[in-house]
Amino acid sequence: MRPGLILLLTAALFFGTANADPDREDFLRKAITDVFPDVEITRIKPAPIPGLYEVMLGTEMIYLSEDGRYILQGDLIDLGEKINLSEQEREAARKRVLESIPASETIDFVPGAAQHTVYVFTDITCGYCQLFHRDMAELNGRGVAVRYLAFPRAGVDSESFRDMESVWCAADPNEAMTLAKGGRPVKPAQCDNPVRRQYELGQTLGVRGTPAIYLENGREMPGYVPPDDLIEALNQYAG
């Protein structure tokens with residue numbers, strides 16, 4: 001959630017929600033949607049701290065006082081268990097979102113017997129994305145499947161955006177991806193494609209640069225990760 005929106009939302013709730021409702025969760029949901037009807041509230045539930053509620057906005061987390069007056073933005077840490085409870089919730093939300101993406105909309109490089117899967121927001125013009133793609137044979141050989149999602153860093157309607165649409169629309173998208181990341185010109189192609197949706201999804205998930213790698217459990221690993229480090233993370237966090 002953008003910092004400006006947090007500030008606006010905080011101010012609006014401070015002046016507008018003094019009266020509580022017996023059904024607390026419905027009351028808090030209404031307090032937010034009355035001010036920002038387009039905000040996606042994934043869920044609301046009591047936080048581990050009495051008097052606070054967790055409010056999941058897409059895949060981002062804020063905390064709201066039970067009277068709807070105060071918003072707290074930041075991570076909630078359980079020092080006893082040494083767990084970032086906020087990140088734990090974000091990972092679960094990302095996992096649900098990523099698992100909901102149809103296989104027909106991603107460009108997948110899958111080994112014969114996959115032990116792990118990673119989701120990677122990529123840009124064909126990104127040097128580190130090209131470096132990651134050069135690791136593909138090793139990753140596949142070590143049982144890691146890669147599901148590519150489009151994130152043209154220059155934005156919608158840029159040249160890289162149109163080139164990535166052409167990659168997704170190619171007769172052989174995998175070959176087109178490999179050629180494009182090898183510096184070859186992209187052959188123009190058109191079709192009904194998910195590039196815009198995936199770019200917007202990446203923004204929702206907070207992608208700021210590429211490659212943006214997500215493990216099966218929703219854990220984020222921004223930036224290029226060498227194969228050994230990626231596999232170590234998969235074995236440690238993704239089971």
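Biologist: What volume does the second largest pocket have, and what makes a pocket?
Modeller: The volume of the second largest pocket is about 200 Å³. A pocket is an open set of points on a 1 Å grid over the protein atoms alone, with protein on both sides within 12 Å along at least five of seven lines. The volume is the space filled by probe spheres set on the points, which are joined across faces, edges and corners. This is a predicted model, and totals for linings use all residues, while local features need pLDDT of at least 70 and side-chain atom pairs pLDDT 80 or more. Residues are numbered from 1 along each chain, and side-chain values use heavy atoms, without hydrogens and water.

Biologist: Which residues that line this pocket are closest to its centre?
Modeller: Of 14 lining residues, they are Ala170, Ala176, Leu179, Val186 and Lys187. A lining residue has an atom within 4 Å of a point.

Biologist: Which element gives the largest share of the lining?
Modeller: That is α7, with four residues. Helices are DSSP runs (H or I, at least four residues).

Biologist: Why is Thr106 called buried?
Modeller: Buried means under 20% relative accessible area (1.4 Å probe, protein chains only). Thr106 has 9%, so Thr106 is buried.

Biologist: How do you know that Thr106 and Asp108 make a polar contact?
Modeller: Their side chains are joined at 2.7 Å. The limit is 3.5 Å for a pair of N or O atoms, one able to donate a hydrogen and the other to accept it. The side chains of Thr106 and Arg147 also make a polar contact, of 3.3 Å.

How values were computed: Buried < 20%, exposed > 50% of the residue type's maximum accessible area, 1.4 Å probe, protein only. 1 Å grid on protein atoms, 1.4 Å probe; cavity = no way out; pocket = protein on both sides within 12 Å on 5 of 7 lines; lining within 4 Å. Helix = DSSP H or I, 4+ residues; strand = E, 2+ residues; numbered from the N terminus.
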